Amino acid sequence: MNNVLVTGGAGYIGSHACKALARAGYRPVSYDNLAYGHEWAVKWGPLEKGDILDAARLGEVLAAYKPSAVIHFAAFIDVGESVRDPAKYYRNNLAGTLGLLDAMRRHGVEKIVFSSTCATYGIPDIVPIAESAPQHPINPYGASKWMIERVLADYGHAYGLRSVALRYFNAAGADPDGELGEDHDPETHLIPLVLDVAKGARPNVTIFGEDYATQDGTCVRDYVHVSDLADAHILAMQGLEGHELRSAYNLGTGEGHSVAQVIACAERVTGRKIAATRGPRRPGDPATLLADPSLAKSELHWTPRRTAISDIIETAWRWRRGR
Ligand code: UFG
C-alpha cells in the first residue's frame with residue numbers, strides 16, 4: 001500500500017485531501033492531535049493521534065507506515081490570534097514543521113507538499129498575484145508559513161528534500177458528496193458565518209469595512225473550492241516524483257467576490273434573508289486578494305472544477321444546514 005502521511009488529516013482541508021488521496025489509490029495516514037480536527041472526518045485511512053511537536057511520536061508513525069510522502073497541513077490558522085499570541089504560531093507552525101522535517105530526514109522520507117497561504121504575500125502591490133510577487137507577510141500566521149517556505153528551499157539544496165508549497169487563497173465549500181465540511185471552533189470565516197445566519201444559528205453577520213477601494217466598498221477575495229484544493233495536493237505530490245516543479249504555486253480561481261456579493265449569493269442559494277450589519281475594518285485585511293493561478297494550471301495540470309461562487313456556497317450550505 002502506498003502510504004501518505006497527512007498531518008492535520010482530521011482538519012478541514014486535510015480531510016478533503018485524504019478523500020482525494022484514497023480516490024487516487026493511496027492510503028492516507030492522518031496524524032492529528034484533534035485540538036481542532038475531528039475524529040469523524042478521518043474516514044479513508046488510519047488516524048494516528050499525536051502532536052506535531054512530539055518528535056518521538058512522529059518518528060514512531062513514520063517508522064510504522066513508511067510513507068512515500070508527507071502532506072503537511074497541521075498548523076494554526078487564525079490570523080487575529082497569531083497577532084495576539086505569536087509564540088503559539090511560531091512554536092506550532094514553525095518549530096513543529098522543523099521537527100517534522102527532522103523526523104522525515106531520520107526516516108528517509110524525501111517528499112513534502114506544504115500547505116502555504118496567500119497571507120505570505122501580505123498586502124500585494126499588484127493583483128492578480130503571481131508566485132513571483134514579493135512576499136511581505138503582515139502577521140505572524142503569514143510569517144510562519146513564509147519562513148517554512150524558505151526552510152524548505154534551503155533543505156532542498158542541502159539535503160535533497162523535494163518539496164512544493166501550495167499557497168491557498170480562500171478555501172471554501174464542502175465535499176460535494178456531503179461527507180465532509182468546514183467545522184471550525186471558533187468560526188471566523190465569512191461563508192460559514194453567513195450560512196449560520198441563514199440557518200438561524202446566528203442573528204447576523206458583521207461586514208468588516210465598507211470603505212475599501214473596491215466596486216462596492218467591501219473586501220474582495222478569491223474563494224476556491226476545498227475539493228479543488230485537495231486535488232491540487234495529489235497533483236503536486238505526483239509532480240514531485242518526476243518532473244521539476246517550482247517551489248510554490250498559487251491556488252485560487254482568479255476570480256474575486258466581495259463580501260457583499262458573497263452575502264447576496266448566499267441569499268439566492270439558501271432562499272433566505274441574511275441580516276448583515278456594518279462594522280469597522282478588521283486590522284490586517286487587504287482590500288483585494290486575487291490569485292493568478294496560471295502556473296498551477298499549466299505546470300501542475302490543475303483544473304479547478306467548482307469555480308462558480310454559487311456552487312461553492314451551495315456545497316457549503318448542504319453541509320452546514322445538515323449539521
Ligand atoms: N469578513 C467579514 N465578516 C466576518 C468575517 C469575514 O466581513 O464576520 C470578511 C473579511 O474581512 C474578509 C472576507 O470576509 O474580507 C473573508 O474573510 P475570512 O475570514 O473568511 O478569510 P480571510 O480572507 O481573512 O482568511 C483567509 C484564510 C487565512 C489566510 C487568509 C489570507 O482563512 O488562513 O485568507 O489573507 F491567512
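**Cavity lining**

I sorted the lining of the largest cavity by class: six nonpolar, one polar and two charged residues. For the classes I counted Ala, Val, Leu, Ile, Met, Phe, Trp, Tyr, Cys and Pro as nonpolar, Asp, Glu, Lys and Arg as charged, and the others, Gly among them, as polar. This is a predicted model, where local features need pLDDT of at least 70 and side-chain atom pairs pLDDT 80 or more, while totals for chains, interfaces and linings use all residues. Residues are numbered from 1 along each chain as its sequence is written, and side-chain values use heavy atoms, with hydrogens and water left out.

I searched the whole structure and found one cavity of 30 Å³ or more. The largest cavity has a volume of about 50 Å³. Its lining residues are Gly173, Ala174, Glu182, Ile191, Pro192, Leu195, Ala316, Trp319 and Arg320. I noted that α6 and α10 (309-321) each supply at least two of the lining residues. Helices (H or I, at least four residues) and strands (E, at least two) are DSSP runs, numbered from the N terminus.

My search used a 1 Å grid over the protein atoms alone: a cavity is a set of points where a 1.4 Å probe fits but cannot get out, a pocket is an open set with protein on both sides within 12 Å along at least five of seven lines, and lining residues have an atom within 4 Å of a point. Grid points are joined across faces, edges and corners, and a volume is the space filled by probe spheres set on the points.

**Second largest pocket**

I read about 400 Å³ for the second largest pocket. I listed 23 lining residues; Ala153, Ser163, Leu245, Arg246 and Ser247 lie nearest the pocket's centre. α5 (140-159), β6 (162-168) and α7 (226-241) each supply at least two lining residues. The largest share, seven residues, comes from α5. By class, I got eight nonpolar, nine polar and six charged residues for this pocket's lining.

**Ligand**

I looked up the shell next. It holds 21 residues, and the closest are His189, Leu190, Thr206, Arg282 and Asp285. A residue counts as near if one of its heavy atoms lies within 4 Å. The shell divides into 13 nonpolar, five polar and three charged residues. α6 (190-199) and β8 (205-208) each give at least two shell residues. β8 gives the most, with three.

Where does the ligand lie relative to domain 1 and domain 2? Domain 1 (3-172 + 223-251) and domain 2 (190-222 + 253-322) both give residues to the shell, so the ligand lies between them. The bounds come from an automatic or database domain assignment.

A side-chain N or O atom of Arg282 is 2.5 Å from a ligand oxygen. For a polar side-chain atom of Arg221, I read 3.0 Å to an oxygen atom of the ligand. A polar backbone atom of Thr188 is 3.4 Å from a ligand oxygen. Taken alone, the ligand exposes 680 Å², and the protein buries 91% of that. Accessible areas come from the Shrake-Rupley method with a 1.4 Å probe; for residues, only the protein chains shown count as cover.

**Backbone**

I found a cis peptide bond between Val127 and Pro128, with omega about -5 degrees. Pro128 sits in the loop between β5 (111-117) and α5. The bond from Asp185 to Pro186 is also cis, with omega near 5 degrees. I placed Pro186 in the loop between β7 (170-172) and α6. Leu34 is not a glycine, yet has a positive phi of about 60 degrees.

Key. A polar contact is a pair of N or O atoms within 3.5 Å; within protein, one must be able to donate a hydrogen and the other to accept it, and residues adjacent in sequence count only if both atoms are side-chain atoms.
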